[in-house]
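Let's take a look at this protein chain together.

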Amino acid sequence: MLTDEYTRPRDLHAFEIAIFCALRLEADAMIAMFDDIWEQEEQYKKGPGDTNSYTFGRIHQHPVVLVHMPRMGKASASSVAASLRSSFPYIRVGFLVGICGGVPFSGCGKQEIILGDVIISTHIVPYDFGRLYPHTYIRKNLLLDNLGRPSPEISGFLSKLQGQAAQTGVKNCMRADLTLLEYPGTSKDKLFEAGYSHKHAVSTTCTVCAQCTHPQDDVCAEALNSSCADLGCDSSRVVPRARIQTMNIKGYSASSYCPAIHFGGLASGDQVIKSAFHRDLIAKQEGVIGFEMEGAGLWDTIPTIVVKGVCDYADSHKGKDWQIYAAATAAACAKGILKIWRGSLRRTEDRSGEEQSGPSPTHQTFSGTFTAGKNIYNGSTFTAESINF
């Protein structure tokens with residue numbers, strides 16, 4: 001007989017957890033982590049004025065709703081959060097899950113972040129809210145200009161997450177879910193010197209790039225849209241890092257390696273940062289360890305925990321090679337976090353009237369593509385769907 005952990009809610013009032021994803025690859029990675037997916041969305045009627053699109057399902061013991069954002073950015077995040085409230089009055093926490101740019105060194109260089117690591121927000125800084133003067137940009141930093149602190153419930157939970165027992169539990173879950181996902185490898189994790197521009201390496205190839213001698217100088221349009229391999233970026237300008245060197249010496253395997261989890265501030269704005277100079281400047285001024293684009297739009301509307309996988313270093317050399325892996329690590333981390341998140345008493349009491357679901361699908365881990373097991377509630381029919389890129 002099925003336990004209460006595997007029941008399907010009758011209505012939207014039973015949902016206390018919302019997951020927000022801005023990109024399709026982020027949503028695909030998160031849906032692949034669902035233990036159950038409820039496709040009969042007609043059972044769950046949206047509230048008046050709710051324009052959002054949702055995927056309903058279960059992660060561990062929790063009914064969850066994934067919100068598919070129509071586009072990136074703070075305005076989109078704010079809009080979907082407002083619409084969500086009209087249909088889901090009892091949402092207690094939102095998880096913003098996806099990818100971000102990471103600050104490679106923080107804490108006076110003591111903390112190293114490498115590609116594939118996960119950043120969990122302790123606070124959000126709206127770094128692009130300010131005044132632009134001819135000689136400089138100054139962020140508005142008065143009390144009313146900044147976002148609020150996390151709620152007491154979220155603050156307490158984040159404190160618990162940083163404890164050794166919780167960290168061990170989350171990482172064990174991540175290892176299990178990432179076992180079959182191929183780690184891109186340290187050879188593809190290259191951090192170039194902050195002053196080294198992404199440009200044509202051979203001066204005779206491009207007259208514009210040939211005149212680029214400082215990070216603020218122009219590079220050609222072709223260089224902006226080319227990979228480091230295409231441009232011949234100088235590997236001698238790669239910064240050596242202790243974590244990468246240790247991994248190369250000790251080796252790693254899919255079954256044993258687990259990305260590191262970092263807690264800290266995230267800079268949130270509508271600009272995609274592709275400048276090591278500005279990355280380091282903002283990181284030093286604001287004390288942040290990563291850059292993303294939606295957190296500021298959710299933060300003051302829904303109690304939010306931002307979980308982002310690091311896919312680049314927010315510099316001119318950034319590419320898309322690590323996006324799928326970083327989206328997967330963030331999704332696996334979010335699932336691990338949900339294993340120790342506790343539902344409310346109201347949610348427990350409401351379960352007495354819920355319907356029992358059909359058979360639970362076999363849990364599947366990541367392979368080269370995202371694969372999600374889905375229960376289709378039309379009798380006992382079960383289908384599995386693979387989502388390819």
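How much of the contacts in the chain with a separation of 6 or more comes from residues 24 or more positions apart? The answer is 78%, where a contact means heavy atoms within 4.5 Å.

## What you're looking at

This is a predicted model, so local features need pLDDT of at least 70 and side-chain atom pairs count only at pLDDT 80 or more, while totals for chains, interfaces and linings use all residues. Residues are numbered from 1 along each chain as its sequence is written, and side-chain values use heavy atoms, with hydrogens and water left out.

## The overall build

The chain has 12 helices and 17 strands. Both are DSSP runs numbered from the N terminus: helices are H or I with at least four residues, and strands are E with at least two.

Of the chain's 389 residues, 51% count as buried. Buried means under 20% relative accessible area, exposed means over 50%, and partly exposed is in between (1.4 Å probe, protein chains only).

## A link across the sequence

There are 11 salt bridges in the structure. A salt bridge here is a side-chain nitrogen of Lys or Arg within 4 Å of a carboxyl oxygen of Asp or Glu.

One of them joins the side chains of Asp 35 and Lys 335, at 2.9 Å from N to O. Asp 35 sits in the loop between α1 (24-31) and β3 (36-38), while Lys 335 belongs to helix α11 (residues 323-340), so this pair ties together parts that are 300 residues apart in sequence. Both Asp 35 and Lys 335 are buried.

## Lys 308 and its two partners

Next, find Lys 308. Its side chain meets that of Glu 292 in a salt bridge of 3.1 Å, N to O. Glu 292 is in strand β13 (residues 288-292) and Lys 308 in strand β14 (residues 304-312), so the pair connects parts that are 16 residues apart in sequence. Glu 292 is buried, with a relative accessible area of 3%, and Lys 308 is buried too, at 1%.

Lys 308 also forms a salt bridge with Glu 294, this time at 3.4 Å, N to O. Glu 294 lies in the loop between β13 and α10 (295-298), so this pair ties together parts that are 14 residues apart in sequence. At 3% relative accessibility, Glu 294 counts as buried.

## A network elsewhere

Salt bridges with shared partners also join Glu 16, Arg 92 and Glu 153 into one network.
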